[in-house]
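Dear colleague,

Please find below the structure that I am handing over to you. My notes on it follow directly after.

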Amino acid sequence: MELLKGKPAADKINERTAAMAQELLSKDIVPTLAILRVGSNPSDMAYEENAVKKAKSLGIHVEKYIMDIKSDESDVLDVLKIINDDENIHGVLMFRPLPKGIDEDRVRNHLSPAKDVDGITDAALGGLFTGNMGGFPPCTAEAAMTILKFYGIELAGKKAVVIGRSLVVGKPVAMMLMAENATVTVCHSRTPKEDLQASCLDADIIICATGKLNTLTEDCVNGKQVVIDVGINFDEEGKMCGDADFEAVKEEVKAITPVPGGVGGVTTALLMHHTVAAAKASHNA
Ligand code: NAP
């Protein structure tokens, strides 16, 4: 089994990002990412802390917009307007899901497409479906694809199974795999377990993105699969783990990403890279 660590792929992206950021800074342009968080979800805050550290190390400035959990839709839209109107802000990371009662579809589509560095607006997602990608793709889906490409995993003509169909990971990654000429099957919570198992056993590549412990078990693999585990879960002991039953699955697959140490770091690296690219584009630099 080959362990597909995210760090070497992330390091390569970060190196390019730091060089681009330095070039912008030399022209007095400070690449800036706004973080918009409503409430204090501990896993959002943990991700935020890492993102802030990473941004700083790359020469990217971060502005935090932290809102009370009781904020309503118009409060969030007001803050989004401030962010959209601020020409010194180049990209936005908005934590989701937003609190109940806020129409997330409406809010995410208020974000200026030029600042949509995590591909959350319909404009960005639509580009993935039509193949006319004007904006940035969603970072997590792109991170899964980046790892596959970094490790030279062949995609054309291969059978890929995506488990999960969210707009954040499942749907965009399925479109990206199809664009690379893989034959794609998408499974979700209504897929009977035996169908999911049969699809996985027949697959060359499995992308698992459910946020449910042990979605991918030993009986779903037979030695030929490359597994990209996107999930972030915590076991009974509070240890971070993915969607795959890693210890049982690892000896029965061709390759697998660890959690932590897999997709997460590449996602952050891509978010930073998109931010610097957005800064460069907005100043024609
Ligand atoms: P989500 O919006 O909750 O979507 C989960 C998807 O998984 C849904 O489509 C759901 O099906 C499906 N699903 C749930 N249980 C399933 C099961 N037992 N069998 C098959 N499919 C099942 O989550 P998300 O935003 O896509 O995130 C997925 C995971 O990735 C989470 O653990 C999240 O924390 C993680 N994540 C990681 C990164 C990173 O950088 N590593 C970034 C973002 C997210 P239905 O559509 O039928 O409900």
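In these notes Ala, Val, Leu, Ile, Met, Phe, Trp, Tyr, Cys and Pro count as nonpolar, Asp, Glu, Lys and Arg as charged, and the others, Gly among them, as polar. On that basis the shell around the ligand divides into eight nonpolar, eleven polar and two charged residues.

The model is predicted: local features need pLDDT of at least 70, side-chain atom pairs count only at pLDDT 80 or more, and totals for chains, interfaces and linings use all residues. Residues are numbered from 1 along each chain as its sequence is written, and side-chain values use heavy atoms, with hydrogens and water left out.

**Ligand site**

Of the 21 residues around the ligand, Arg165, Ser166, Ser189, Ile232 and Thr267 come nearest. Helix H10 (residues 263-282) supplies the largest share of this shell, three residues; helices (H or I, at least four residues) and strands (E, at least two) are DSSP runs, numbered from the N terminus.

For polar contacts, the criterion is a pair of N or O atoms within 3.5 Å; within protein, one must be able to donate a hydrogen and the other to accept it, and residues adjacent in sequence count only if both atoms are side-chain atoms. A side-chain N or O atom of Ser166 is 2.4 Å from an oxygen atom of the ligand, and one of Arg165 is 2.8 Å from a ligand oxygen. A nitrogen atom of the ligand lies 3.5 Å from a backbone N or O atom of Val230. Taken alone, the ligand exposes 930 Å², of which the protein buries 69% (Shrake-Rupley method, 1.4 Å probe; for residues, only the protein chains shown count as cover).

**Nonpolar cores**

A nonpolar core is a set of buried Ala, Val, Leu, Ile, Met, Phe, Trp, Tyr and Cys residues joined through side-chain atoms within 4.5 Å. Buried means under 20% relative accessible area, exposed over 50%, and partly exposed in between (1.4 Å probe, protein chains only). The largest core has 53 residues, and Leu148, Leu177, Ile207 and Ile228 have the most contacts inside it. H10 gives the most to this core, with nine residues. Apart from it lies another core of 17 residues, among them Met94, Leu98, Ile102 and Leu111.

Helix H7 (residues 170-179) is largely enclosed by the rest of the structure, because seven of its ten residues are buried. Its buried residues pack against helices H5 (122-130) and H6 (139-150) and strands S5 (159-163), S6 (183-187) and S7 (205-208), where contact means heavy atoms within 4.5 Å.

**Buried polar residue**

Thr257 is found in the loop between strand S11 (255-256) and H10 and is buried, with a relative accessible area of 0%. A polar atom of its side chain lies 2.8 Å from the backbone nitrogen of Asp229.

**Backbone geometry**

Most residues other than glycine have a negative phi, and most peptide bonds are trans. The peptide bond from Arg96 to Pro97 is cis, with omega near 0°, and a cis bond also joins Val259 and Pro260, with omega about 0°. Asn214 has a positive phi near 60° and is partly exposed, at 42% relative accessible area. Asn284 has a positive phi of about 50° and is exposed, at 72%.

Yours sincerely

Notes. Near = heavy atom within 4 Å.
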